[in-house]
Amino acid sequence: GTGLSSVTGVVTTSAASAIAYTGVTFNGSVTVVGTCPASTEKGFVYGTATNTYGAPIAVGSSVATGTYSYDLSSLSSATTYYYKAYMKDANGNYVYGAEQSFSTSTPAAQIAFVNVPSNGIANSNLASFTIEARTASNVVDTGYSGTVTVTKASGSGAMSGSTTNVSFTNGIATFSDVKFDTADTYTLSA
């Protein structure tokens, strides 16, 4: 505008949050709104290589000081992404915050039985055991929230207890009331 001094906008890129297999929340903040020309848009840019981004994602319809965020889905799992917060002025000039990076989670690729008892008493609950959802690198996938069913693969007796569609919590399903009606050697599968 006429008679006003030019002020360049200042935007900050904050750490990403809610990082999942295929989604994330970008976070940024406007600390100074530009004038002459006025700041007209804020948002984020991102990509899979440093300083190489796709089209800008505008957030909101106005620019004011304060924090802003954007929930993004449809990302690839087990991938590193780079992003920056931005602000654009009325002349189409962009200012950016510092680049941040994050990696989407790696989903479970296998399950593992943990602490399965080696003996028990017929018609009595076995000691509690768990099944863990693990990534290819054998780390518990704490974001996994599916279900698992345990079945008897071998052994002469009948199995009972809560064995069907047991939910994972933080990547771990717990079995605490499994029992067999006949003494024998059993193999379990899931």
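In which strand is the place of Val 10? Val 10 lies in strand 1, which spans residues 10–17, where strands are DSSP runs of E with at least two residues, numbered from the N terminus. The structure is a predicted model, in which local features need pLDDT of at least 70 and side-chain atom pairs count only at pLDDT 80 or more, whereas totals for chains, interfaces and linings use all residues. Residues are numbered from 1 along each chain as its sequence is written, and side-chain values use heavy atoms, with hydrogens and water left out.

With a relative accessibility of 37%, Val 10 is partly exposed, a class that falls between buried (under 20% relative accessible area) and exposed (over 50%), as computed with a 1.4 Å probe on protein chains only.

Gln 110 belongs to strand 9, residues 110–114, and is likewise partly exposed, at a relative accessible area of 34%. Leaving aside residues up to four places away in sequence, Gln 110 touches Glu 132, Ala 133, Arg 134, Thr 135, Ala 136 and Asn 138, contact meaning heavy atoms within 4.5 Å. Between Gln 110 and Tyr 86, which are 24 residues apart along the chain, the C-alpha separation is 40 Å.

Val 148, by contrast, is buried, with a relative accessible area of 8%, and is placed in strand 11, residues 147–148. Beyond residues up to four places away in sequence, the residues that Val 148 touches include Ile 111, Ile 131, Phe 168, Phe 175 and Ala 190. Val 148 and Asp 89 are 59 residues apart in sequence, and their C-alpha atoms are 53 Å apart in space.

Key: Helices (H or I, at least four residues) and strands (E, at least two) are DSSP runs, numbered from the N terminus.
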